[in-house]
Amino acid sequence: MMGSRTRRRSSASLTTSVVTAASTSGDDVSGEERRRFLVKSEPSEFSLSDLLACGPEGDEWDGVRNYEARNILKEMQVGDLAFFYHSNCRMPYGPGIVGIAQVIRTALPDATAWDPTDKHHDPKCTLPIPTDITDKACRWVSPRMSFQKEYPVILTLKELKDHAKENPESVIASMDLVRRSRLSVTRVTEEQWAQVEAMIAQKKKEQESEIEIDNPEGLNTKRAKKSKII
């Protein structure tokens, strides 16, 4: 799984050196050309609202120490979208899909791996930091992502697994999140993406119907609304 995300960037100076030495852009993709992914983060370490607080500059998606997940990060292009998934937590924060992040810069060497003061430091990574992710010395990478959207409801892992069990031939049943739930970065097909969004819309509709049943005459009994992200 992905290492715990850190809010404080102890390796900021190292990151700067990499960014200035390598391209921070990429081929911007849009519409049907966008690829889709899912990324996980523990909300106690780095939540969707933390990403929102970063503003349009976004933040590094660093700390990934799994080779398969790393290879998927390398595939990401500017404009690609990723479901943001809160992991290793309890409701009302998840575990589940809470929103969408967007790739705003392709992967560069993950500076935290070379920083001995960072909890994601890899002792096998020795300075200087490579300037290219194709360098054999570049063991770990991090793209940069920004907040795009928060969903009105959380689609939980249990709901996804229940759907897959009831519909074993569905696109949800073939999602890596359902089949291999420990992998922290996964690919999502266009059909899977559309089905997840349809399930979220349906869940929101059902919750709104429940509220109407609780208050059939439309009395002004405002309920306190708390953000689902922390």
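Modeller: Rings of Phe, Tyr and Trp (the six-membered ring for Trp) pair if their centres lie within 6.5 Å; planes under 30 degrees apart count as stacked, over 60 as edge-to-face and the rest as tilted. The model is predicted: local features need pLDDT of at least 70 and side-chain atom pairs count only at pLDDT 80 or more, while totals for chains, interfaces and linings use all residues. Residues are numbered from 1 along each chain as its sequence is written, and side-chain values use heavy atoms, with hydrogens and water left out.

Colleague: Which residues form one aromatic cluster?
Modeller: A pair of aromatic rings is described by the distance of the centres and the angle of the planes. The structure holds five aromatic pairs. One aromatic cluster is formed by Phe46, Trp61 and Phe84.

Colleague: Are the rings of Tyr67 and Trp140 stacked or edge-to-face?
Modeller: The centres of the Tyr67 and Trp140 rings are 4.7 Å apart. Their planes stand at 20°, so the pair is stacked.

Colleague: How many residues apart are Tyr67 and Trp140?
Modeller: Helices (H or I, at least four residues) and strands (E, at least two) are DSSP runs, numbered from the N terminus. Tyr67 belongs to helix H3 (residues 67-75), and Trp140 to the loop between strand E4 (96-109) and strand E5 (141-156).

Colleague: Is Trp140 buried or exposed?
Modeller: Buried means under 20% relative accessible area, exposed over 50%, and partly exposed in between (1.4 Å probe, protein chains only). Tyr67, with a relative accessible area of 41%, is partly exposed. Trp140 has a relative accessible area of 4%, so Trp140 is buried.

Colleague: Are the rings of Phe83 and Tyr151 stacked or tilted?
Modeller: Phe83 lies in strand E3 (residues 81-86) and Tyr151 in strand E5, so the pair ties together parts 68 residues apart in sequence. Both residues, Phe83 and Tyr151, are buried. The ring centres of Phe83 and Tyr151 are 6.4 Å apart and the planes are at 50°, so the pair is tilted.

Colleague: What is the bridge partner of Phe83 in E4?
Modeller: Two strands pair if DSSP finds at least two bridges between them. E3 and E4 run antiparallel and are joined by six bridges. In E4, Phe83 has as its bridge partner Ile100.

Colleague: Which residue in E5 does Gln102 stand opposite?
Modeller: E4 pairs with E5 over ten bridges, in the antiparallel sense. E4 is mostly covered, with 13 of its 14 residues buried. The residue of E5 opposite Gln102 is Ser146.

Colleague: With which residues is Thr186 in contact, leaving aside its neighbours within four places in sequence?
Modeller: Thr186 lies in strand E6 (residues 185-188) and, at 2% relative accessibility, counts as buried. Contact means heavy atoms within 4.5 Å. With those neighbours left aside, the contacts of Thr186 are Phe37, Leu38, Ile72 and Asp176.

Colleague: Which ring does the charged end of Lys40 sit over?
Modeller: A charge sits over a ring if NZ of Lys or CZ of Arg is within 6 Å of the ring centre and within 35 degrees of the ring normal. Arg36 lies over the face of Trp193, 5.9 Å from the ring centre. The charged end of Lys40 is 5.2 Å from the centre of the ring it sits over, that of Tyr85.

Colleague: Where is Asn88?
Modeller: Asn88 has a phi near 50°, a positive value in a residue other than glycine. At 60% relative accessibility, Asn88 counts as exposed. Its place is in the loop between E3 and E4.

Colleague: Which residue does a cis peptide bond join to Leu127?
Modeller: Omega of this bond is about 0°.
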